[in-house]
Each structure stands twice: as structure tokens, then as C-alpha cells.
There are 2 protein chains.
Amino acid sequence: MTDGTVVFEEYGKRTQLSQGNNILDAAKKVDIEISAVCGGRGLCGKCRVVVKEGSGNLEAASQLETMSLSKEELAAGYRLACCALLNREGTTLVEVPPESRVEQQRLLVAGIETAVSRNPSVKKFLLHLSKSSLENVKSDTDILLEGLTGKAEAARLRIGYEALTRLPTVIRERDWSVTVTLRDGEEVIYVEPGDTTNRMYGLAVDVGSTKIAAYLLDLNEGKVVGTASAPNPQIPFGEDIISRVSYASKGEKNLRQLQGVVIACINKLLLDSCESAGVRVSEVYDAVLVGNTVMHHLFLGINPHYVALAPYPPAIRSSVSVRAKDIGLKMNPAAYVYVPPNVAGFVGADAVADVLATEVYKSESLSIMIDVGTNTEIVLGNDQRTISCSAASGPAFEGGHIEFGMRAEPGAIENVYVDPSNLEPGFKTVGDARPRGICGSGIVDAVAAMLKSGIINKYGLIDTKLKSRRIRTDRVPRYVLSWKEDNDVGHDIAVTQLDVQEIQLAKAAIYSGATILMRHLHIEPREIQKVFLAGAFGTYVDPQSAVIIGLYPDLPLERVQFVGNAAGSGARMALLSREVRENSDLISRRIDYVELAADPSFQREFTEALQLPHKDLTRFPTVAQLIKRKE
Amino acid sequence: MTDGTVVFEEYGKRTQLSQGNNILDAAKKVDIEISAVCGGRGLCGKCRVVVKEGSGNLEAASQLETMSLSKEELAAGYRLACCALLNREGTTLVEVPPESRVEQQRLLVAGIETAVSRNPSVKKFLLHLSKSSLENVKSDTDILLEGLTGKAEAARLRIGYEALTRLPTVIRERDWSVTVTLRDGEEVIYVEPGDTTNRMYGLAVDVGSTKIAAYLLDLNEGKVVGTASAPNPQIPFGEDIISRVSYASKGEKNLRQLQGVVIACINKLLLDSCESAGVRVSEVYDAVLVGNTVMHHLFLGINPHYVALAPYPPAIRSSVSVRAKDIGLKMNPAAYVYVPPNVAGFVGADAVADVLATEVYKSESLSIMIDVGTNTEIVLGNDQRTISCSAASGPAFEGGHIEFGMRAEPGAIENVYVDPSNLEPGFKTVGDARPRGICGSGIVDAVAAMLKSGIINKYGLIDTKLKSRRIRTDRVPRYVLSWKEDNDVGHDIAVTQLDVQEIQLAKAAIYSGATILMRHLHIEPREIQKVFLAGAFGTYVDPQSAVIIGLYPDLPLERVQFVGNAAGSGARMALLSREVRENSDLISRRIDYVELAADPSFQREFTEALQLPHKDLTRFPTVAQLIKRKE
């Protein structure tokens, strides 16, 4: 047996590999986790690696690989790790692209980390003060503010009401040693006896219409010390946003109810993340909340009725600072909440946070940010011009309106492949549990695999003439992923004809939105240097499957970057940096908004984008190869 | 019968008067009310008038008059109206000095009106806005703030949280006509549909330790439209301030309780004054609260413990602006409350309001402001230098610690005189009701009359050897004003030896405080051009009686001005004028504070001032004449 050396340079790892073994084996030997749903059978196409040097040491690309990789990719050294067999001595240098990394996905749940210089809105100062004498009586506040002179930036300091009521007792409790919490360099919001400067926390919350994610940060270290998340408790009042708007619009009481449940949920997440991090809620002095415009209005207690009526005006575009207690948040009693600006009725503070995190507005080259959700915010631009729109993509990508759809919880089928030789499927579930349903990334994978294997055609129609026991026509046509006998839910789990149509509607909304933005900037898809996929769906979806169904423009996969919960990332940035906050209002004003419904070409674009991947196949050259090649 | 003409020029009135009639008769003929407790018998000395021209038309001053008026006064034309008999034809020009005017007293309950140019902190603007279109979507807030451009002074307008939550509905309710309430030219605090600009009210409150007085103002007109007052409901927790401090210091709950009762009382007064004026509480957009430092701390919910401990530091000296709802005031939900600055632990926001109203700090000539209460604030100065102190005068002037003392309620003996010929008393009660007790002004009158008639000597001791059925010695020596048979309370109402001592202690505290302030400024009493007597007591007390007992320096009575509830006046000024607010912090910083307890000469000054009117009679030349003359 001849050995070769496989080097994973980025990981700083290398290993000896015997001839006849593949790159996936090499990765396993050095504990590098590479996605491989089909268990190394070449069927799922998820174990993509790039051979940077020594490709001659490997056997030529197999037929399975040519079915999963485009000519351009093969030319660029892309291989499927499970198929790339060593057949010669020598050193093979292998790169694992982000989409194939398992740990990448785990990290991305919290969203990308974009560097900011730490300069939080709240700062603590320890003061050692001198008490006044009968000869020179000074008020407690004067003594405090004089002690801050030189430390605080503002010329005119003031004391907040909460701090004032605490001051006389606190200032004397530790012999005139006091820790002062200063907000924006000008307002003393809180005072504590002795030295508590090392205890200063903040909360960043992304209020999604489906899920609420909270991040507890140590504001001294600039690090996340606790996280917690929960389904949005408004769901029972309306699965989709419009139903919630309609509920809230029926009266002040309903509005207060929707605000109440979401605030109660955030309070619970705050408590949970504080408990796990050993932090008291009173040590949380600042918060940033983001959400789409309707969520924004609801958690602030603003009637969202008009956001949902043309011309969809938000109540406010600018950022909002409000006292936490005014909206019922139970943190430090003097804390404020900062809410980044909105852009428009359907491009909210969460999209601005996405833009803060991806820095679309900062880069010289063009990039596009797609935050996939029930409403998908799309932002396209560079440092010259930035435009945005909102696509009504619906809940399909979150498992909604899908017959066996479910959220990405244990047992959800999240990755799917189809063996082209026998049209049998393979899949992986969340937590490797017994299958219970299909989540968003699973349905995209399934539709892409069904398209590649010819189970559906470009119109999304299931070919019921195909000879496969998996294709059932007893009711609405469907392709069975899991037999009733193989799961615990008591019925087959399948992708139905209607499910495929839901996916087509959803992806057409997004793709046509992106197309219209490109047209507004007079650019071609290939000019886009970076595609940022945000949102939980964006974190888990297979980027190749997404492009196969035509979700976004057909660009080299290395230009696609998963940014996870970028809204949460942006919220954390605003929590850590006053400059980010100051910028965000400028950014919001700079982002132009395109109302898709008012664009004359929208209907045509949408209709063309309903096909898989698109009516105009020249727009999807890579995908065209993958589909054709199988015929 | 020969007729003469009596002219009351200030009133624009004149009348014919037959010979043998007196000036009091003339006044009655033209409906001018002049104080006259004794019913025109020349005994009470309260019907002082000044004959400016034609004194030769009158009979020479009677003996009764020379007993009530000093030589200087007689030389200046002072007469008792009831004694000045017409005995010749001709025109007699008569002036009624303020202390003799009955209507003056009634007016002064609300305090002097000091002119301010109307520029309240809150202003309303009616805007007619244009809604946005699909082509140019603007947020509701942007539309609103753009509509304010040019009207509001601040470069950077912002919208408050309450206004924001109301905006989407309100802006559309009257077809985009909106009334905006702007605070300090920069913050939109409230929005209302249509035109409500003619409905804008504010509340000024003087929180005294005994009584709370509220004034509802129309901020458009700058006029009082409603008033209400009530006893301070903290009294059950401690009659004097120190007991309340001690109660509040025992724990957070107690502090909240004292805050709670006073705020509830203000809410009630607000409601009452609104109801009587036909105003809704939501139409009250601003408030000013004043009170001494302890009241200030209590209504703001600040522990006053340290205010009562040397060196008596207040928690804050500067003015405070706090949202009304933060302290529980139930007015417009977006309203703020402004609290003027304090000077020291015992010279509070009420004293600053006194100074605002009397403008002691503004005048070139020296003046002294004395706000008589349980703690009497004294401010002395001019536009060069202003100093202040607080005298622990106790509750005697409010009827406290007086055996038959009571508040100035119906039945309270408020004016007293003694007939020198038989030592029999005469008196007037509040509301001319049957006597029930003696109020502050009554006890001062009584002590002065007892001193003039020799019932007590300069040490305040009752001369029990005098032959008078009114002087009783069966228990502690006393002088009976009302026999048990003549009233409904079931016992004699008398001034006891102990009562006289209480008055001596109280007046000595005030006089010695004033003396020490004068010494600090190196001035003599005669240099003081104006004595402002403030507080309810100051409104009703007879200024001559006050000087006879030695309450303040012996100066010509025309220099004494009653300013009533000057703290309330100052509060109303701050409600009407942003300039007054901006000034008040400067004024507070300019007022030096003298801690009497730390002054080495205090003990000696106090002891000398215990005598009636003072150990050093050369300080009281006028009084010396009045007392001597009777012997």
C-alpha cells in the first residue's frame, strides 16, 4: 500500500492516507467534520472540498461528482470528499469551503461576528468622593457630578431620576465610594455602593416573527456570556404577520396583549440567560431590540395597522431610545432600550441590523444580503448606493404551508438526497432523531434533489409516470421520503405536489425581488461579489440546493456567505458601540426602498421565476449543467 | 351741617361727608372695606389710613390714635380712620395702605403676581400635513417633524415615546390635521387629532408641610383658572418635619407611603381644580412643584434622612425635571414635572420660588424675604449678593403648641385688641363664627395687645397683680379672650403664659436669623428698603403687631409688603416661563446659605431676641414709643 499525505492547511492538520481511501476518510482521521448526509456514498453532494494542490494524486472525478459539480467547479478543483480517492503518493492540499463545514453551521446560529471597537452606550466609573462639611455644604448630586468631571465627556452632566432617588443612601453605604453608570457620556442613570465596575451587562434581542433570540453580553469584555431563545409567543394570535396586525388593529387591548406576550417572553429569556451566566437582571444596564417593522411596532406598543396598508408607512423611521420600564422590560430599573431605525414598512430594524453586520453599505464591491423569512428582506448595494426591498416569501422556508412541514427541531428532515439510479431518497434529521417531518432546509434539498433526478420537471410537476414506489398518486401526487413503518408519526412523510408549488412561490418572490433591485442599480448578477444569506433558514440550507431551485442568482458558491442570525449580530454591535448606533440612522436614510408591488415589471419577473430554476435557463448556467447532465 | 369731600384717589372714588363723621364712615359710603376689628372704637388700631392732603379738615389725633401710631407715622399723616373726625369743609385726600385693605388680604392668599413674559415650557402647534404616497413613502414621524420645521426652535426635534405610540392613529383621525405639544422646543411629547391649541393647561403646586395649594393655569392666557388646597396628608405621620423625616427614614415602605399620600393629595387637588374649571386632566401638560427641601425629597421619593443630619446636605441642589407618571401624578400621560432648585437642606425649592416671586435677587436696593412657617426661610440681599438662612421658628405661628391654638379656620380668633381702659379684649374670628380657638395671626395680635396694655412685660410674663377678671391664675397664668359662656367649645379661650413663651421662642428664632444675615452683609436694618412677608401667616398677621412683638426689624410699615403664598407665585412663574426656569438654577447657585447653628453669635442674638420686642430697645424705636406711651 502506498501512502500519500493530505494537508488541511486552514486547520493546521495533516495525515497519512492509504491508497484507495478518500478525502473524507482523511478528514475523519484528523477530526475535521465535513457534511455528508449520505454517509459517503456520493449521493448527497454535500461533502464538497477544493483540491488546491496535488490533484494528480487523486483518481479523476467520478460520474457522481460530475452530477453534483459544475464544469467550472471541477475546473477550479472542487471534488466530493467521499468520491476523491487517493491513487498515488505525494502531498494533496485540501481546502474545506464554508458550506461543507459542520462547525461553521453551529457557530453561525448566533450570527457572524463583525468587529466593532467596544464603546458601549453605558459605562461605569468608580468614584471615591469626599463628603461635605458644615462650612461648605454641597448637595450629594454636586459631589457626585464633580467627581465625574474629567471622566465623562459631556460638558453638562445630569442625573437621572432613578439614580437621584438612590443617591443619598448609596453614596454613604461604602464610605463615599460609588460606582456610577453613565449613559451616552451625559446622564448618570444609576449608582451603586462600592466597586461594581466589573459587572456590566447588556441584552441584544432579535425579535423574529417566528423566533425570539436573546444574547447576554458582558459589556466590559464585549463577549456573549449567555443566550436563550424561544418561539415568538404571538404565534397563537396569528401565524403570519398580517394576521397579527389585523388582531392588534382591533383595539388597544389587543395591541397591549401582543406587546405584553412578547415583552414577557423577552423578560423570560433575559432571566434564563442571566441565570445561566450568573448575572443578576439588575446588572443588565442596556438593551438593543431588533425586529421587522411590525415586530418593532408591536414590542414598542405602536399600532401596526397602517404598516400593512399601502403605502405601508412605518410610524417612525429613526432609531428609538425608550426606557426599558416604559415597555415593561424588567432589567436594571434605569436601563434604556435602543431600537435601530427602520427603512420602510417591510424593511425594518432587523434589516438595518443585517446591514450593520454584513456591512453591505461599506464595501466598494457590490453585495446582496438576503434575510430569508416569511418576509424576506433583500438589500443590494455598496458604498455608493444601497437599495432594499421586501419579498413576500411566505412561511414555506420555515416549514409552513408544507404538508409535513415542521420547524428545525429534533426529528425534522433537514438534508435530503435522491439516488439517481433508483430514485430512492436518503436524509438526515436534526439531532439524528427518528423522522417527524420536514424543515425548511430539508424541503429545499428535497425539491433540488427531485429536480436533479427528474422526479419533478421545470414546472415543478411530479412525473407520475416514473417507475418508483416512492411516487404515490393515491391522493395529491407525492414523493415519499420516509415510510410510515420507519417513523413514529403514523403516516408516510412525503413531499407533495402542493409543497413543491409553495416552494416555487416562495423562491420566485425572493428571486424576482433580487432581480428588480439589480435592475434598479443597472447591474448584472455576475457583478455581485458577495451573497449574504441570513436568517436561521440561511444558516442551514444547502447553498447548492438553493441555487438549483433558483432562490438566488447562479454565482460561484464561494461568493455565498452564511451569516446566520445577522440581525442578532447587528443588535449586538449596536449594544457594544455608540458609533454603530450613530451610524445606523445615517445608514437607514441612505438605504433606498423599492416597493415591489409598485414596480411594473414585478408580475412578469415573478411569473418567470416560478419555473425551476427559472424560465430563462441562461441565467442559471451552472444549474443547467447539473440538470441536463443527468438526462 | 357742613359737608366736606373725602377722596380715595387710588380707588377713583369720592364722597361727601358730614361734619362729625369719620373717614371710616366715608369709606363705607363708597364700599371701600377697611380693616376694623373693634367696630370703629379706636381700640384695635387696624384701620390705619394716610391723609395725604387736607389734614387740617380733620380734628387733631385723639389719645387712642397716639397710642396706636408712632410719632413718625403721625407726622407722615397716618390716622386711624375711625378716629379721624371731619370738622371743616374742604377736600381731604386719603390713602388706604395695603395692611388696612381687606380685599388685599383676600387676593394675597394666592400670592403676589409678578409679571413674566409668557413662554411656557410646553407649546402647541396645529399642523395640516400631507400623507405620503407609494412613490415617496415617509414615516409618520418624519411627516410630523417636517411639518414642525420652522415652527419649533430646536435644530434637532425628537418625538417622545407617548406621542410615538399615539401617532399613527391620531395623525389619520382628522384627515392629517394634528395638534402637537412640544416641550422646551425640542421634544414632541403629545399629539392630538384636529385643533386643540386652545386647550393647554398647567398645574403649579406649593407643597407646604401643613397645607398643599394647587393652581390650575391656562397656559395660553397665563391665568389661574382654578385653585384647590388641602391639609398636607403627611401630618398624621408627624406634625413637624423632623418626625416625618424620621418616619420616612425607617424604610423604603415608609418613604413610599409618605410620597404616596402627598401625590394622591395633589392628584385630588388637580382633579378638583380641573372639575371646577371644566378642564380634563389629560389637558394638563405641565406641572411645577415647590416645597421645602424635605417636602421636595418626599414628593420625589428621595430619602430625606440626611437632610436632617449635619451638615444637612440635600440630595440635589439643581432643578429637577421628571416625568409626571414617574412620581405618580395623573395628568397628561406625557407631562413632565419641573421642580425648582434647592439652596440647602433647610432652604428649599419653595424659598427659591419665593425669591423668584419677590425678585430679591434683582433689585438694586436691599430687601428681605421672610417666609414664615415651622421653618422660616429668610433671604436677604440685592442684585449684588443674596444670602439665606432657615430659622427653626416652630409651629406657634400656625397655631401649633398654643393651648387653644388652631388653624385659620372658621371660628379661629384672628384679630385681637385690648381696651387699655379696662383691659377687656375684643376680637374678630375667621368667618365671624363663634370662637373656637386662636390662630397664628390672632396669637400675635393678642401678645402685641397684651404687651401694649401692660398685661405682659418685656419678658413676656403676665402681670398677675393687675386687677382684671380676664387674668386668671387658678392654673398656669392666662388672659381670657372668650368666656366659656360665649363660645361653643365648653371652656374659656385664653392666651396662657406658656403660649406667650412659645411666641417669644418663635419670633426670636426669626429675628435672630435676620440679624445674623444682616451682619453677614454688614448692613443696618434701616438700609432694608423692603420686607416681604410670605406664607399664609404673613398674609393675615397685622404688620404692626408683628413688629411690636419684635418679629422683624422696626421699619416704616410702608416698607412691609405681604406677598401671600409667594412660593406658589414663584411656582406659577416657572410654569409660565422657560426663562424663569433657566434663571432659577443660576439664582439658586447665587444664594449663599448661612447655617445659623454654626454661627458663633447665634446663641447671644437668640437670647436677646427673646424679650419683647427685644432686649435692645434702641433697635425698636417705634415700638418703644407705643409701649411707653401707655404708661
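Modeller: In H15(B), the buried residues are Ala566(B), Ala567(B), Gly568(B), Ser569(B), Gly570(B), Ala571(B), Arg572(B), Met573(B), Ala574(B), Leu575(B) and Leu576(B). Keep in mind that this is a predicted model. The helix spans residues 566-576 of chain B and is mostly covered, with eleven of its eleven residues buried.

Strand S10 (residues 201-207) of chain A has seven of its seven residues buried, so it is largely enclosed by the rest of the structure. Tyr201(A), Leu203(A), Val205(A) and Val207(A) point one way from S10(A), while Gly202(A), Ala204(A) and Asp206(A) point the other way, and all are buried. S10(A) also has partners to talk about. It runs antiparallel to strand S11 (residues 211-218) of chain A, with seven bridges joining the two, and a hairpin of three residues takes the chain from S10(A) to S11(A). In that pairing, Ala204(A) sits opposite Tyr215(A) in S11(A). With strand S13 (residues 284-291) of chain A, S10(A) pairs in the parallel sense, again over seven bridges; there Asp206(A) faces Val290(A) in S13(A).

Staying in chain A, there are a couple of open sheets to look at. One has four strands in the order S6-S8-S9-S7 (chain A), and its pairing is mixed. Strand S6 (122-128) and strand S7 (158-159) of chain A are at the edges, each with a single partner strand, so one side of each has no neighbour in the sheet. S7(A) pairs with strand S9 (residues 187-193) of chain A in the parallel sense over two bridges, and in S9(A) the bridge partner of Ile159(A) is Val188(A). Between strand S8 (177-183) and S9 of chain A there is a loop, and Asp184(A) lies in it. Have a look at its backbone: Asp184(A) has a positive phi of about 50 degrees although it is not a glycine. Asp184(A) is partly exposed, with a relative accessible area of 25%. His522(B) is in the loop between helix H12 (497-520) and strand S25 (530-534) of chain B, and it is exposed, with a relative accessible area of 71%.

The other open sheet has three strands in the order S20-S19-S21 (chain A), also with mixed pairing. Here strand S20 (424-429) and strand S21 (437-438) of chain A take the edges, each with a single partner strand, so one side of each is left without a neighbour in the sheet. Strand S19 (residues 412-419) of chain A pairs with S20(A) in the antiparallel sense over six bridges, with Asp419(A) opposite Glu424(A). Helix H11 (residues 440-452) of chain A lies across S19 and S21 of chain A and runs at about 10 degrees to S19(A).

Pro311(A) is in the loop between helix H9 (293-300) and strand S14 (320-323) of chain A.

Finally, how do the chains sit together? A rotation of 180 degrees with 0.0 Å of shift along its axis puts chain B onto chain A, with an RMSD of 0.1 Å. That is the relation of a two-fold axis. In chain B, the C-alpha nearest the axis belongs to Asp326(B), 5.0 Å from it. Asp326(B) also forms a salt bridge with Arg323(A), the closest N and O atoms being 2.7 Å apart; the interface has four salt bridges. In terms of contacts, 39 residues of chain B meet 39 residues of chain A. The buried area is about 3300 Å², with carbon and sulfur atoms giving 63% of it. Leu134(B), Tyr161(B) and Tyr306(B) supply 19% of the area that chain B buries against chain A, more than any other three residues. And 100% of the interface residues of chain B are also interface residues in chain A, so the copies meet through the same surface.

Terms used: Residues are numbered from 1 along each chain as its sequence is written. Chains are lettered from A and ligands numbered from 1 in the order in which they are written. This is a predicted model: local features need pLDDT of at least 70, side-chain atom pairs count only at pLDDT 80 or more; totals for chains, interfaces and linings use all residues. Side-chain values use heavy atoms; hydrogens and water are left out. Buried means under 20% relative accessible area, exposed over 50%, partly exposed in between (1.4 Å probe, protein chains only). Copies are superposed by least squares on the C-alpha atoms of residues with pLDDT of at least 70 in both. Contact means heavy atoms within 4.5 Å. Two strands pair if DSSP finds at least two bridges between them. Axes are lines fitted to C-alpha atoms, for helices over the stretch in contact, and angles run from 0 to 180 degrees between N-to-C directions. Buried area is the accessible area (1.4 Å probe) that two parts lose on being put together, summed over both. A salt bridge is a side-chain nitrogen of Lys or Arg within 4 Å of a carboxyl oxygen of Asp or Glu.
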